[in-house]
Amino acid sequence: TRLLKWLQLELHPSKHVHYTVFREVTNAPSLLSLIKSGKCASLLLDESNIVSPFHLGVAINKALSAEASGKMKSRSVMTEIVLCLSLVNGISQSLNTFGLKPDTTGIIAVTLGESEEEVQRQVDELRGQVKGTVIAEDDSFGYVEREVCRVYGVTKEEQLVDSLEGAVVIKIATKI
């Protein structure tokens, strides 16, 4: 469908990665329960600190590379993505910054799979679980610039040299 947004990962061409942006979400607490019970196959992120699909794609690439090399710092690829979005190495702090919260109204859902059909099934199931509006526009992430600058330590001087997206991506790409 036209609402499917696929990320093409050159380093991991066999992985099918899809993201969906939801706004006006009214059931974040019940989605948190689904996650905790293991009944949600997608990674649900609070969109306020994620600048763009490119930003998200860099973190996903890093997580899949860590998985392929056996060097993940967490137990699953999904939590590894959260760690790769963060500048800190602690999963709790990373989840607090990027993960779903009870009051989250803007969600970026990331779904990974070995085939498009598998991912499509998971996305269809997720759309039945989230009470919110699917956003169709490409590159339409509802981040909060002030918050992104705080989380990533982006200064006004850095933004004079590069875009916010560029500054953030450099920081996560070079994180050890």
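A salt bridge here is a side-chain nitrogen of Lys or Arg within 4 Å of a carboxyl oxygen of Asp or Glu. The model is a predicted one, and by this rule the count comes to 5 salt bridges.

Select Lys 15 and Glu 114, whose side chains meet in a salt bridge at 2.7 Å, N to O. This pair links distant parts of the chain, since Lys 15 sits in the loop between strand E1 (5-7) and E2, whereas Glu 114 sits in the loop between strand E4 (107-113) and helix H5 (116-129), 99 residues apart. Lys 15 counts as partly exposed at 23% relative accessibility, and Glu 114 likewise counts as partly exposed, at 49%.

Next select Arg 23 and Glu 47, which form a salt bridge with an N to O distance of 2.5 Å. Because Arg 23 belongs to strand E2 and Glu 47 to the loop between strand E3 (43-46) and H2, the pair ties together parts that are 24 residues apart in sequence. Glu 47 has a relative accessibility of 4% and counts as buried.

From there, move to helix H2 (residues 53-69), whose 17 residues should span 24 Å at 1.5 Å a residue, in agreement with the 24 Å between its end C-alpha atoms. Its buried residues include Pro 53, His 55, Leu 56 and Asn 61. Just after H2, Gly 70 adopts a positive phi of about 70°.

Now turn to the aromatic rings, of which the structure holds 2 pairs. In the pair of Tyr 19 and Phe 141, the ring centres are 5.6 Å apart and the planes stand at 80°, so the arrangement is edge-to-face. Tyr 19 lies in strand E2 (residues 16-23) and Phe 141 in the loop between strand E5 (133-134) and helix H6 (145-152), 122 residues apart; both residues are buried. For Phe 98 and Tyr 152, the centres are 6.1 Å apart with the planes at 50°, so this pair is tilted. Phe 98 is in helix H4 (residues 91-98) and Tyr 152 in helix H6, so the contact joins parts 54 residues apart in sequence, and both are buried.

Cys 40 is buried, with a relative accessible area of 15%, and Cys 84 counts as buried at 7% relative accessibility.

How values were computed: Residues are numbered from 1 along each chain as its sequence is written. Side-chain values use heavy atoms; hydrogens and water are left out. Buried means under 20% relative accessible area, exposed over 50%, partly exposed in between (1.4 Å probe, protein chains only). Rings of Phe, Tyr and Trp (its six-membered ring) pair if their centres lie within 6.5 Å; planes under 30 degrees apart count as stacked, over 60 as edge-to-face and the rest as tilted. Helices (H or I, at least four residues) and strands (E, at least two) are DSSP runs, numbered from the N terminus. The expected span of a helix is 1.5 Å times one less than its number of residues.
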